Amino acid sequence: GNYLALHDKMECASEMMRRVNAGEPVTGVLVTDPVAYTTLFVEQCQGAGIDYLIMDQEHGTHSDADVAAVCAAGRILKFPVLIRIANSNDYTMLRRAIDLGCVGLLLPTVETTETLDIVRDSILMPPRGRRRPGGWGNSWVSDYGLDAWQTDVEPHFIVWPQIESKTGLANVDAIAAHEVTSAIAVGPYDLSAELGTCCDMKSEVMVAALERIREAGKRVGKSMWHFDATVSNLVCIGETGGLLKAAMKTASMAAHAVAGAGASKVNARA
């Protein structure tokens with residue numbers, strides 16, 4: 001996805017979601033490993049044809065300064081940078097994450113629409129919400145007036161609530177239909193554990209759960225975010241540490257094979 005021609009920085013988020021909703025493939029990465037806590041990594045993602053990245057503050061050790069710097073690089077390059085926060089029910093944490101300058105949020109373990117009401121309050125300015133803008137998040141707006149926030153940020157902000165529990169699965173239709181939900185997301189490993197089939201993504205109960213989540217989104221015109229490109233067009237191709245490890249392992253094994261074959265020929269000639 002090339003967003004460089006867009007005039008409004010925050011429109012990169014809307015352009016990405018337009019592509020998602022049109023059924024186009026959109027890929028991203030989850031940044032948990034500190035090896036990718038750099039602004040250069042944003043350029044590398046864009047150069048590799050990746051469409052978005054998510055800074056993981058649920059499981060990662062990112063500081064707010066790390067996240068704010070990566071978000072700033074995203075603004076400059078017009079490349080969508082989202083944040084996964086640690087607690088989807090914490091208004092202060094939600095508001096703080098937006099202050100760091102992201103284009104959206106991946107929300108872990110959303111179980112009810114009440115959580116999304118809190119999220120709405122953290123995004124929208126009064127009287128519709130309780131937003132109190134500050135920090136680097138203000139870099140998206142043309143000025144600090146209400147009209148600017150409602151025009152430059154609110155219509156573009158992305159929210160992907162993750163279904164990771166039996167309760168969330170039971171309430172998935174209402175969660176998908178909520179006004180702030182941009183796409184319905186799944187936390188496949190946590191959900192599979194809750195369903196008694198940990199890490200078995202091919203079990204009948206897990207396949208049925210994924211279909212239920214996908215259908216809930218489809219009924220309200222929203223895609224499903226997942227790690228599996230066979231079930232969704234909005235895909236996370238993996239966590240950066242795992243992707244790097246896999247790529248290094250493949251390269252190392254290939255080098256060993258070539259070097260080993262070469263050594264065998266040398267020994268045979270000897």
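Visitor: What does a side-chain oxygen of D90 reach at the start of α4?
Guide: The backbone nitrogen of T92, to within 3.0 Å. Helices (H or I, at least four residues) and strands (E, at least two) are DSSP runs, numbered from the N terminus.

Visitor: What kind of model is this, and how are residues numbered?
Guide: The model is predicted: local features need pLDDT of at least 70, side-chain atom pairs need 80 or more, and totals for chains, interfaces and linings use all residues. Residues count from 1 along each chain as its sequence is written, and side-chain values use heavy atoms, leaving out hydrogens and water.

Visitor: Which residues of α4 are buried?
Guide: Y91, L94, R95, A97, I98 and D99, in a helix that spans residues 91-99. Buried means under 20% relative accessible area, exposed over 50%, partly exposed in between (1.4 Å probe, protein chains only).

Visitor: What covers them?
Guide: The cover includes β3 (81-84), β4 (104-107) and α5 (113-123).

Visitor: Why does D99 count as buried?
Guide: Because its relative accessible area is 10%. D99 touches R131, R132, P133, G134, G135, W136 and G137, not counting residues up to four places away in sequence. Contact here means heavy atoms within 4.5 Å.

Visitor: What lies over the face of Y91?
Guide: R130, at 4.0 Å from the ring centre. The test is NZ of Lys or CZ of Arg within 6 Å of the centre and within 35 degrees of the ring normal.

Visitor: Switching to rings. How many aromatic pairs are there?
Guide: The structure holds 4. One of them is Y189 with F227, tilted, at 6.4 Å centre to centre and 55° between the planes. Rings of Phe, Tyr and Trp (its six-membered ring) pair if their centres lie within 6.5 Å; planes under 30 degrees apart are stacked, over 60 edge-to-face, the rest tilted.

Visitor: Where do Y189 and F227 sit?
Guide: Y189 is in helix α9 (residues 188-194), F227 in the loop between β7 (224-226) and β8 (234-239). They are 38 residues apart. Y189 is partly exposed, at 48%, and F227 is partly exposed too, at 26%.

Visitor: What about D56, buried or exposed?
Guide: Buried, at 0% relative accessible area. D56 lies in strand β2 (residues 52-56).

Visitor: What does its side chain do?
Guide: The side chain of D56 makes a polar contact of 2.8 Å with that of T32. The D56 side chain also reaches the backbone nitrogen of E58 at 3.0 Å.

Visitor: And the largest pocket, what volume?
Guide: About 290 Å³. Of its 20 lining residues, the closest to the centre are P155, F157, E179, V180 and S182. α1 gives the most to the lining, with 5 residues.

Visitor: How is a pocket defined?
Guide: On a 1 Å grid over the protein atoms alone, a pocket is an open set of points where a 1.4 Å probe fits, with protein on both sides within 12 Å along at least five of seven lines; lining residues have an atom within 4 Å of a point. Points join across faces, edges and corners, and the volume is the space filled by probe spheres set on them.

Technical notes. A polar contact is a pair of N or O atoms within 3.5 Å; within protein, one must be able to donate a hydrogen and the other to accept it, and residues adjacent in sequence count only if both atoms are side-chain atoms.
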